[in-house]
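Welcome! Here is a short briefing to read alongside the structure.

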Amino acid sequence: MPVLEELRQAVVDGQAKAAVARATQGLEEGIPAEVLLRDGLISAMQEVGRLFEEGEIFVPEMLVSARAMNATLVVLKPLLATEGSEARSEGKVVIGTVQGDLHEIGKNLVAIMLEGSGFEVVDLGTDVSPERFLEAAEAGADVVAMSALLTTTMTNMKAVVEALGRAGLRDKVRIIVGGAPITDRFASEIGADGYAPDASKAVRKVRELLAVKA
Ligand code: B12
């Protein structure tokens, strides 16, 4: 089996050690970190989601797959950061997964890519309340980035947009949203400034938003 397929299977099976070993082997064979991420790790999580949806696996299995993905990301992170970096651009991004939502992998990837592209990133973690987002934005931020993976939690993004508005920060801070259920249209509906479907497009969008602001 080619190494990419083995990596993907190891993550689907939740075998962290095997996944790290395959990713390391892939890098040694000259496969770019970005390809290992996209065709190995992200593709594996899509498969895990499909298996969950079909009732073939349950939450504990999803969790071990997520752990295997996170362990492998540690190996890829330094390379992703370098590959993503262009000219250093100053800007501070506060990022977090919205209240009620514990999904962190996508949010972590966006944070890694932003950091690698020269942004200062403050990661608030998961299950972040509007108050915490506001507090962090008040401490100084150019961009607030929110992630949501559940249709039940994506609506909590609006509360953050409104909290920033009430605090008079809306014209100082750009807001970007993302996560599997989020769309461009949803972003406009809740009054966010932008949406991106993946981590590298998130970097592009943040750059674009800050250029508009300047
Ligand atoms: C792993 C996983 C979990 C893990 C999370 C572990 C962790 N540490 O993160 C655990 C086991 C905890 C979990 C729990 C649950 N999960 Co879950 N989970 C997943 C799974 C399989 C993968 C998510 C993932 O990591 N994807 C990989 C990353 C790289 O992709 P991503 O998150 O989409 O991020 C990318 C983009 O969206 C974007 N992006 C993400 N964030 C941001 C932010 C910004 C600002 C921008 C610009 C872009 C951006 O860039 C990222 C990189 O390219 C998905 C299935 C799926 N296909 O998404 C289900 C899924 C999201 N889960 C689901 C469900 C139902 C649950 C539970 C409710 C299950 C339960 N009955 O308990 C709980 C909820 C817990 C909670 N309160 O949050 C459903 C959601 C259904 C829905 N429509 O709401 C899904 C879709 C599975 C399914 N097909 O049914 N889950």
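Predicted model: local features only at pLDDT ≥ 70, side-chain atom pairs only at ≥ 80, totals over all residues.

Residues are numbered from 1 along each chain as its sequence is written, and side-chain values use heavy atoms, with hydrogens and water left out.

**Nonpolar cores**
- A nonpolar core is a set of buried Ala, Val, Leu, Ile, Met, Phe, Trp, Tyr and Cys residues joined through side-chain atoms within 4.5 Å, where buried means under 20% relative accessible area (1.4 Å probe, protein chains only).
- The largest one has 43 residues, and Met69 is among those with the most contacts inside it, as are Leu37, Leu41, Leu80, Leu114 and Val206.
- Helix 3 gives this core its largest share, eight residues.
- A second, separate core has 27 residues, including Val98, Met146, Met157 and Val173.

**Cobalt site**
- His103 (NE2), at 2.3 Å, is the only protein donor of the ligand's cobalt atom; donors are N, O and S atoms within 2.8 Å of the metal (3.2 Å for Na, K and Ca), and sites may look incomplete because water is not among the atoms.
- You will find His103 in the loop between strand 1 (92–97) and helix 5 (105–116).

**Overall build**
- The protein has nine helices and five strands, taken from DSSP runs (H or I, at least four residues; E, at least two) and numbered from the N terminus.
- Buried residues make up 46% of its 214 residues.
- Along its principal axes, the C-alpha trace spans about 55 × 40 × 25 Å.

Key:
Buried < 20%, exposed > 50% of the residue type's maximum accessible area, 1.4 Å probe, protein only.
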